[in-house]
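Thanks for making the time this morning.

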Amino acid sequence: MGLISGILMGMIFGVGLMAAWKHMMRYRSAKRVSKAVEVKLMGSLNRDDLKKMCGDNFPEWISFPVYEQVKWLNKQLSKLWPFVAEAAEAIIKESVEPLLEDYRPPGITSLKFSKLSLGTVAPKIEGIRVQSLKNDQITMDIDLRWGGDPNIVLSVQAAMVASIPIQLKDLQVFTVIRIIFQLAEDIPCISAVVVALLSEPKPRIDYTLKAIGGSLTALPGISDMIDDTVNSIVTDMLEWPHRIVVPIGGIPVDTSDLELKPQGKLTVTIVRANGLKNHEMIGKSDPYVVLYIRPLFKLKTKTIDNNLNPVWDQTFELIAEDTETQSLILEVYDKDIGQDQRMGVTKLSLNELEAETPKEIELRLLPKLDMLKVKDKKDRGTITVKVLYHEFNKEEQLAALEAEKKILEERKRLKAEGVIGSTMDALDGAASIVGSGVGMVGTGIGAGAGIVGSGLGAVGSGLSKAGKFMGRTFTGQSSSSHARKRSGSSTPVNSLQQNGGA
């Protein structure tokens with residue numbers, strides 16, 4: 001009897017134990033499913049949703065990474081770097097050296113690579129973000145960091161100074177590269193690739209300069225000149241919206257839709273400046289203003305002698321290609337016998353402007369646009385400008401694109417002939433929309449320059465010589481002509497002389 005009762009009790013206990021175990025496993029499974037659902041819902045929330053839920057208790061260390069890590073790609077890049085570096089050195093030598101010459105500042109007569117080696121340390125890709133912004137395109141953003149060991153030596157030469165080799169040391173690059181793949185139906189399924197540097201976050205290129213076998217003091221201001229050259233090339237050629245378009249596949253492809261086009265015209269009136277900082281030991285500074293959206297298309301005002309509160313009241317017209325990212329840059333200089341000194345600089349973002357709405361703005365001048373490395377932060381005065389933005393239609397856009405190309409070609413020709421020292425030289429006068437085209441009416445620097453073409457003209461007011469081309473001579477403006485254009489208006493000048501000089 002005791003045996004039978006023991007067996008029954010054991011069976012009952014066993015069945016109860018199994019039932020309890022099954023119930024516990026079912027409960028744990030339901031809890032896991034519930035937690036998985038909660039985690040999935042939490043994963044779909046953004047920072048603002050979490051702040052609403054947590055209120056003041058929201059932890060600041062929570063982040064939402066948009067870039068995926070690619071450690072495997074960094075490993076492969078390290079192995080491939082010796083071959084990639086060798087190919088990149090040849091491409092940089094071939095493509096960047098002409099840019100150094102185009103963007104060479106006026107104070108330097110020659111700027112070339114003497115040595116170029118990218119070293120043995122490969123760049124590191126911090127992350128990649130892939131998105132499809134258009135149906136026929138794939139956009140890839142690459143967060144790139146490079147603190148390598150390159151050996152880059154520039155051969156720098158200025159007037160009356162022998163060539164000095166200058167080494168770029170401790171080079172560090174921090175940027176986000178945007179690559180756009182234009183898709184196609186035919187193999188290799190990509191018709192073109194667009195490469196650019198995103199403007200936000202701002203690309204950072206840090207380095208130190210060291211003169212080899214000499215001193216940087218032999219060329220006063222050389223560090224600032226090289227910094228400005230590097231910044232101009234990056235901003236004007238590589239930084240979005242500017243881009244490099246590379247056709248793929250070896251067959252002719254229409255890439256016009258991928259290229260950057262003029263979007264509108266910005267009319268700028270330089271009214272006056274107040275409270276400029278004096279840069280002269282005797283007397284007062286002789287200020288003038290250089291204005292541009294792209295560094296290759298600089299214009300400048302007349303010089304006001306011996307005045308720290310100058311009034312110019314001159315009007316200029318500039319081409320804008322992307323109002324969301326581009327800015328109007330205004331630099332005030334002191335005219336001097338040697339190198340002109342910059343008195344201050346400021347910028348106006350074009351996204352602050354409304355089309356066809358005139359606006360008068362007073363801007364504070366700064367020592368540099370990047371104030372992080374500036375110690376002298378004293379007041380440098382203000383500059384007042386009037387601006388008006390006009391958006392192009394299709395016809396005006398195409399005409400402006402052609403005119404812009406012709407202006408750039410003419411600048412290069414004038415530089416090759418020695419009329420101007422650099423394609424970066426600012427031209428006196430104003431830019432003008434002539435008919436359906438775009439023209440620049442302005443003076444050369446110390447020489448006249450002229451452009452004959454539809455919708456395109458440039459007239460020099462040099463004091464010593466006139467630029468000749470196409471069998472005609474363009475003479476400097478007379479004093480009466482200068483008086484008529486004192487307001488800075490940009491009407492075409494027709495004082496041409498066939499087969500003769502002034």
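Let me begin with a question: does Glu331 count as buried or exposed? This is a predicted model, and in it Glu331 counts as buried, because its relative accessibility is 5%, where the cut-off for buried is under 20%. Glu331 sits in strand S13, which covers residues 327-334, and its side chain is joined to that of Arg342 by a polar contact of 3.0 Å. If we set aside the neighbours within four places in sequence, the residues in contact with Glu331 are Tyr288, Val289, Val290, Tyr292, Lys298, Arg342, Gly344 and Val345.

The structure holds two of them, and in one, Tyr288 and Tyr333 are stacked, with 5.8 Å from centre to centre and 20 degrees between the planes. This pair links distant parts of the chain, since Tyr288 belongs to strand S10 (residues 287-292) and Tyr333 to strand S13, 45 residues apart. Both partners count as buried, Tyr288 because its relative accessible area is 6% and Tyr333 because its relative accessibility is 18%.

Now to helix H3, residues 71-102, where I would ask you to look at the length: a straight helix of 32 residues would span 46 Å at 1.5 Å a residue, whereas H3 spans only 39 Å between its end C-alpha atoms. H3 also bends by about 60 degrees at Leu80, with a proline, Pro82, following within four residues. The buried residues of this helix are Asn74, Leu77, Trp81, Ala85, Glu89, Leu99, Leu100 and Asp102.

Turning to the chain as a whole, the protein has six helices and 21 strands, and buried residues make up 40% of its 502 residues. Among contacts with a separation of 6 or more, 62% come from residues 24 or more positions apart.

Finally, a word on confidence. The mean pLDDT of the protein chain is 76, and 75% of its residues reach 70 or more. Over residues 429-502, however, the pLDDT is below 50, although this stretch has 168 contacts in the model beyond near neighbours in sequence.

Notes:
Residues numbered from 1 in each chain as written. Predicted model: local features only at pLDDT ≥ 70, side-chain atom pairs only at ≥ 80, totals over all residues. Heavy atoms only, no water. pLDDT = per-residue confidence, 0-100. Contact = heavy atoms within 4.5 Å. Helix = DSSP H or I, 4+ residues; strand = E, 2+ residues; numbered from the N terminus. Expected span 1.5 Å × (residues − 1). Bend = angle between axes of the 7 residues up to and from the residue. Buried < 20%, exposed > 50% of the residue type's maximum accessible area, 1.4 Å probe, protein only. Polar contact = N/O pair within 3.5 Å; in protein donor to acceptor, adjacent residues only side chain to side chain. Phe/Tyr/Trp six-rings, centres within 6.5 Å; stacked < 30°, edge-to-face > 60°.
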